Amino acid sequence: MNNKELADTFTLIANLLEIKGEVIYKTLAYRKAAESLTNLGRDANEYWKDGKLTDIPGVGKAISEKIDELLSSGKLEYLEKLQDEVPAELAEMLKIPDLGPKKVGLFYKEIGVKSISELKAAAEKGKLRDLAGMGPKSETKILDGIESLSRRTGRAPLGDMWPKAQELLKKIRALDGVVDAEVAGSLRRMKASVGDIDIIVAATDRDLVSKHFVEDPEVARVLGTGGIKSSVEYHSGLTAQIWVHEPARFGTALQYATGSKDHNVRTREIAQGMGLSLTDQAIIQSDGSEKLYAKEEDVYKAIGLDWVAPELREDRGEIQAAQEGNLPKLIETKNIRAELHCHSTWSDGKVSILEMAETAINHGYHTLAITDHSFSLGIGSGLSIERLQEQRIEIDEAREKLGDKLQLLHGTEMEIKADASLDFPDKILEWLDIVVASLHVSMRQERAQVTKRLLTAINNPHVDIIAHPTNRLLPDREGSDLDMEQIFSAAAEMGTALEINSNPKRLDLDDVLARRALEFEIPLVVNTDAHLPEHMDFIFYGVATARRAWAEPKSVINTWTAKQIKSWLGKRG
DNA sequence: GCCGTTTTCGGCCCGACTGTTTTCAGTCG
């Protein structure tokens, strides 16, 4: 069982306990443990083997015993017993908007409703309205919620949501009386997948802004609207909400809505310790008076913290760093000066080598590596050794045209085959300027084999970069089952760089693994894997992921000078 | 169920909105 499966198990337990009506703090403890396992960056099996499960934050005696049972036997008696009382299907009903654990529990206990389809039938027959706390409106709301669930998209990749949020933001900023507006929530924290769009608005006429927001013709359903908060669902299935505040409260409002929840719990604790109460409206002093903050920086300052970049606000140590003045000087997109993984028409890219080179120059880069696929990747029309040698001629021609405007490197994205052999012999790898290795096939092999494939590449001194190491695809395809600790050890030993692939469908390594790689002092590289000139804009998402991993420019090789990159490659053979 | 710079017991962030009530419970973020 991997971390995600453990986390899913504890999330299920939390949901079932909540429906059962267990004290809320017990369910919170299970959720906290699930969250913690997801953000761990190390395989929980490692902790288990060392007998150190309780070192994991939020894991104490009871939960560590459950992890032990799950890892030993793959089963959990506690969960099986719990399911006798509360069927696991009930947890599915929690996905219906505006329906929570109390109501699900009520419907189950009172009229035996176990599934969404049974709930729908009961609502249509008017069987819900007479239950305690229910009425005709609540019944209709549930039917609307079920319908909305079928329309909703769930969490979507950051790359899909970000442009939509920017459009919405533009619309809102253009409204009368709007002074300022910013995205908040997981979108502002640049999480790889995002549930909905949160926007904080500073406005002089707050009602007018809310009115325009909910009356937009693209709105399918108004989920709620009040003096401060309004939320809507668009015909596309996307949901968005805005909080409208007076401009003087914009700082606390933005801080609050950016989250994460756990980060906010910490900031509030600190405020409490100072006799203050931090809310989305203001900081309330011990005498009850309000202090207003228009700027987020000043909110952090007021509770003794340096301003924390949104990408770090996950309660992964950033609060302590902010207290001690130790926050990292995070990498920025403008620090990126080289692209070391892209494709041309020689394989599955859409434009010529020269066009990619010009795009790189327009991005202000000093170095570009052309890394077309190698031959065993049939779908990417990979290059044979002969074709690779022919490609060198075109590279040299391009070099002549470009002069000193760009350092153009001839490389490959070499396939690591299913049997762990590499596509090119060492002689060819040595001849190339740069070697990026990756796998695209047989990613569902068992852990030992798929790990061995990456280790073979890492341990070859001619391989410089491992691209998209886990091969996950957002939103749904999980990465290969890899022993990441072994891979990190080997990469650290060999000095092989690991990629953060900036394509928003990949973002691989993810933030958690990239941070772990930095702990091993492994060099990172943020590449776009561009197949089109426009793809080079993806760098924004890759850098965001690097920021979430606490990366500083010096740890990312494509922030280095052209000379430094050339010299690094030269030393690697 | 977890945790400790007042605590090994007693807390655990805080408020908006809605629909049901007639002062509050449930849901959400």
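Predicted model: local features only at pLDDT ≥ 70, side-chain atom pairs only at ≥ 80, totals over all residues.
## The surface near DNA strand B

There are 41 residues around DNA strand B, and those that come nearest are Gly60, Gly100, Gly135, Ile228 and Tyr256. By class, this surface has 17 nonpolar, 14 polar and 10 charged residues. On the DNA side, 81% of the atoms within 4 Å of the protein belong to sugar or phosphate, and the rest belong to bases.

A polar backbone atom of Gly58 is 2.9 Å from one phosphate oxygen of DNA strand B. For Asp98, a backbone N or O atom lies 2.9 Å from a phosphate oxygen, and the distance given for a backbone N or O atom of Lys229 to a phosphate oxygen is also 2.9 Å. The elements that give two or more residues to this surface are helices H2 (24-38), H4 (61-73), H7 (101-111), H9 (136-151) and H14 (261-273), together with strands S5 (219-225) and S7 (239-245).

## Strand S13 and its partners

Strand S13, residues 407-415, is mostly covered, with eight of its nine residues buried. Strand S12 (residues 367-373) pairs with S13 in the parallel sense over seven bridges. Within this pairing, Ile370 has His410 of S13 as its bridge partner.

S13 is also joined to strand S14 (residues 434-438), by five bridges, and these two strands run parallel. Here the bridge partner of Glu415 is Ser438 in S14. Between S13 and S14 the chain passes through helix H19 (residues 426-431), forming a right-handed β-α-β crossover.

## Helix H23

Helix H23 spans residues 539-548 and is mostly covered, nine of its 10 residues being buried. The buried residues are Ile539, Tyr541, Gly542, Val543, Ala544, Thr545, Ala546, Arg547 and Arg548. The elements covering them include helix H10 (158-173), strand S16 (497-501), helix H22 (511-519) and strand S17 (524-527). After H23 comes Trp550, which has a positive phi near 70°.

## Tyr78 in helix H5

Tyr78 is found in helix H5, residues 77-85. With a relative accessible area of 28%, Tyr78 is partly exposed. Leaving aside residues up to four places away in sequence, Tyr78 touches Ile13, Leu17, Tyr30 and Lys66. Tyr78 and Ile13 are 65 residues apart in sequence, while their C-alpha atoms are 9.1 Å apart in space.

## Cis peptide bonds and positive phi angles

The peptide bond from Gly259 to Ser260 is cis, with omega near -5°. Ser260 lies in the loop between helix H13 (250-258) and H14. A cis peptide bond also joins Asp508 and Leu509, with omega of about 5°, and Leu509 is placed in the loop between S16 and H22.

Asn471 is not a glycine, yet its phi is positive, about 70°. Asn471 is located in the loop between strand S15 (465-466) and helix H21 (484-494). Because its relative accessibility is 2%, Asn471 counts as buried. Asp529, likewise not a glycine, has a positive phi of about 60°. The loop that holds Asp529 runs between S17 and H23. At 7% relative accessibility, Asp529 counts as buried.

Definitions and conventions. Residues numbered from 1 in each chain as written. Chains lettered and ligands numbered in written order. Heavy atoms only, no water. Near = heavy atom within 4 Å. Polar contact = N/O pair within 3.5 Å; in protein donor to acceptor, adjacent residues only side chain to side chain. Helix = DSSP H or I, 4+ residues; strand = E, 2+ residues; numbered from the N terminus. Nonpolar A, V, L, I, M, F, W, Y, C, P; charged D, E, K, R; others polar. Buried < 20%, exposed > 50% of the residue type's maximum accessible area, 1.4 Å probe, protein only. Pairing = 2+ DSSP bridges. Right-handed = clockwise from strand over helix to strand, strands pointing away. Contact = heavy atoms within 4.5 Å.
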